[in-house]
Amino acid sequence: MQSEELLLKEAMEAVEQENLPLARELMTRLLQRNRSNPEYWVWMSGLVETAKERAFCLREAHKLDPSNAIAIHGLRFSGENIPDPEPVPPFDPAKLAWKTSLEQVQVEEKRSVRKKTSPLAWVALGAIAVGIGLTAFFLVRGPRYRPDTSPIMKFSLTPPATATKVTTPSPQTTGLAPLWSLLDATYTPTPIYAATPHALTEAYKAAMRAYERQDWPLALEYFQQVLYTEPASPDIHYHIGEIYRFQGLIAEAEKAYDASLKISPGYAPAYLGKGRTLLLSTTPQSSKAREQFEKALTLDTSLYEANIELAQLELTAGDAAAALDTLGQIPPSAPSSVQVEILRTKAYLELNEPALALESARAVNKFDLTSLPVYKLLAQANQIQGLMEESIPPLETYLAYEPEDPEALAWMAQALLTREDYEGALEFAGKALELDENSQAALLVRGECYLQTARVDEAAADYNAVLRMDKNSFAANLGIAQIQISRTLYGSAYEYARAAYELGKGDRQKAIAQYWRVKALIGLEEYKAAAAGLEELLQYPEEILPAMLRTDALTVYKQVITPTPTRTPVSQRTKPALTGKTATSSPTRTATPRK
């Protein structure tokens, strides 16, 4: 942040170069930081455009420093009756009556003698004259734009108390460099849709500069000045509405959008803004917001931001196919948008198309390395496809900047579990549960870690916690089945394994559940049923049944069945037949059970 001294120096240089708009902007920033410096107000009085503004600045300077000569003479020049800061006290007539006649004559003679003017007084008077001259010079030379009729030069340049401060993820607490530092060059900002041409007034250009850098109070100040000369501009009202919306001032935003539509009922962006405010109300009004977005697109099919809002609504409602269709209607001429690709990736994930989701996430990540949500989506798409190792790098990047996301922490724990890094998995699962004690994903990972490290009772506690929240959890049922087998409670283990088998999605989950069901049958000494289950299990191809489970199943099969000349073991068949199962199913993020 620039110091006041540096800002003042730059303002003075701008004055010398006759760049009055820049000088005004710099002085405004100085007053935003320090409103109690009378010299700043005096300088601003020479940079403003109207007598009303100049008088306001001089009055502020006079309030802060009643003896400021330039402020006094400037206000007097404007017609205001400003008394001297140190008036000469009058003679007391009562005291004068007690003097002798000789003394009274001497007083009168002294009054008639004119005191010689001090050279210092002439210097001070010259400085005052120069100040007033500079003020007049700036008023004559500066480009003209007039303010609105509301009180001018308020300089309330900080957000109102009711405003909502907009924050962005900051890596300052981690000591990491911001993501944009990874770029060879910065991205070109997405153009503002409603930035329509206007007369070349400094107020409009200054407003757009402040708008683009999200200096909302200053942008509002300038836009309100533009309205004075261009009151019939619907886009100016729209921008004012957007400024209010960004600050969380919904009622003010709605009034601005309505003012825009009153001027031009066919101005599409105003309907977009009204729809967005409906979603920000205490009780979001999705159906009414949809009507506004659809109205905006009816009036202007190129308003792609309305497509984005509609797609988001459809995705929230669980209609991923409709969301993809809406995104597909965005015209090719629309600028590339990270938000569009994020929504597209989420829609693919909802439709259980992890390959397409991963392709979309990779594409948008190449386009914008700075988007944190994309790293999370990359990790999610990788994990859904069973690519746990590939999910770790994007998760590391995401968690470096968002270390308190319980969902991402649980995913990292799952990825480390597949590495058999139980210590690391427990650490991340513990962090996730500190933030969200009901995180089923974290509970399942921690339960699996406990199970693999022979902490059976702790594992059972976590699995049972998940079952209390979701009795249809495949992983929790499977985990309890394994625990009951370790406790030699084979009947109970069989019931949990059977439930897991029925809940399994895809051949991989069913194969794993079948393995543990067979183990329970062997414990119950149901060898015939166990042999039949093993034959069915060994028919799964290698990419479905984990290698470790296949090896153990073959060993167990030899122990529970005696081969006969008329029967060939399934493991020796050249082309195993699949019994009502397919070999092309997508694996899930559940932990792979181990013996």
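**Helices, rings and loops in a predicted model**

Trainee: The loop between H17 and helix H18 (354–367) is where Asn-352 lies. In this model, is Asn-352 buried or exposed?

Mentor: Keep in mind from the start that this is a predicted model. The cut-off to apply is that a residue counts as exposed when its relative accessible area is over 50%. Asn-352 has a relative accessibility of 53%, so Asn-352 counts as exposed.

Trainee: Turning to the protein as a whole, how many helices and strands does the secondary structure come to, and what share of the residues is buried?

Mentor: The secondary structure comes to 29 helices and 0 strands. Of the 595 residues in the protein, the share made up by buried residues is 46%.

Trainee: Among contacts between residues at least 6 apart in sequence, what percentage join residues at least 24 apart?

Mentor: The contacts to consider here are those in the protein between residues at least 6 apart in sequence. Within that set, the share that joins residues at least 24 apart is 57%.

Trainee: How are H2 and H3 oriented to each other, roughly parallel or roughly antiparallel?

Mentor: Helix H2 (residues 20–33) packs with H3 at an angle of about 155°, and their axes are 10 Å apart. The crossing of these two helices is left-handed, and the residues that meet include Met-27 and Leu-31 in H2 and Trp-41 and Met-44 in H3. Since angles over 145 degrees count in this way, H2 and H3 are therefore roughly antiparallel.

Trainee: Trp-41 was named in that contact between H2 and H3. How far apart in sequence are the parts that the pair of Trp-41 and Phe-56 ties together?

Mentor: The structure holds 7 aromatic pairs, and one of them is formed by Trp-41 and Phe-56, edge-to-face, at 6.0 Å centre to centre and with 70° between the planes. Trp-41 lies in helix H3 (residues 38–45) and Phe-56 in helix H4 (residues 51–64), so the pair ties together parts whose distance in sequence is 15 residues.

Trainee: Are Trp-41 and Phe-56 buried or exposed, and what kind of pair do the rings of Tyr-238 and Tyr-267 form?

Mentor: Trp-41 and Phe-56 are both buried. The rings of Tyr-238 and Tyr-267 have centres 6.2 Å apart and planes at 75°, and because planes over 60 degrees apart count in this way, the pair is edge-to-face.

Trainee: In which helix does Tyr-238 lie?

Mentor: Tyr-238 and Tyr-267 are both buried. Tyr-267 lies in the loop between helix H12 (250–263) and helix H13 (268–280), 29 residues away in sequence from the part that holds Tyr-238, which is helix H11 (residues 234–246).

Trainee: His-237 is found in helix H11 as well. With which residues is His-237 in contact, leaving aside its neighbours within four places in sequence?

Mentor: His-237 is buried, with a relative accessible area of 15%. Once neighbours within four places in sequence are left aside, the residues in contact with His-237 are Leu-227, Pro-231, Ala-256, Ala-259, Ser-260 and Ile-263.

Trainee: Which ring does the charged end of Arg-517 sit over?

Mentor: An arrangement of this kind involves Lys-376, which lies over the face of Trp-411 at 5.7 Å from the ring centre. The charged end of Arg-517 sits 4.4 Å from the centre of a ring, and that ring belongs to Tyr-501.

Trainee: Finally, in what kind of crossing does H16 pass H17?

Mentor: Helix H16 (residues 320–328) and helix H17 (residues 338–350) pack with their axes 9 Å apart and at an angle of about 150°, which makes H16 roughly antiparallel to H17. Among the residues that meet are Leu-324 and Leu-327 in H16 and Leu-343 and Tyr-348 in H17. The crossing in which H16 passes H17 is left-handed.

Definitions and conventions:
Residues are numbered from 1 along each chain as its sequence is written. This is a predicted model: local features need pLDDT of at least 70, side-chain atom pairs count only at pLDDT 80 or more; totals for chains, interfaces and linings use all residues. Side-chain values use heavy atoms; hydrogens and water are left out. Rings of Phe, Tyr and Trp (its six-membered ring) pair if their centres lie within 6.5 Å; planes under 30 degrees apart count as stacked, over 60 as edge-to-face and the rest as tilted. Helices (H or I, at least four residues) and strands (E, at least two) are DSSP runs, numbered from the N terminus. Buried means under 20% relative accessible area, exposed over 50%, partly exposed in between (1.4 Å probe, protein chains only). A charge sits over a ring if NZ of Lys or CZ of Arg is within 6 Å of the ring centre and within 35 degrees of the ring normal. Axes are lines fitted to C-alpha atoms, for helices over the stretch in contact, and angles run from 0 to 180 degrees between N-to-C directions. Angles under 35 degrees count as roughly parallel, over 145 as roughly antiparallel, 65 to 115 as roughly perpendicular and the rest as oblique. A crossing is left-handed if the near helix is turned anticlockwise from the far one by less than a right angle, and right-handed if clockwise. Contact means heavy atoms within 4.5 Å.
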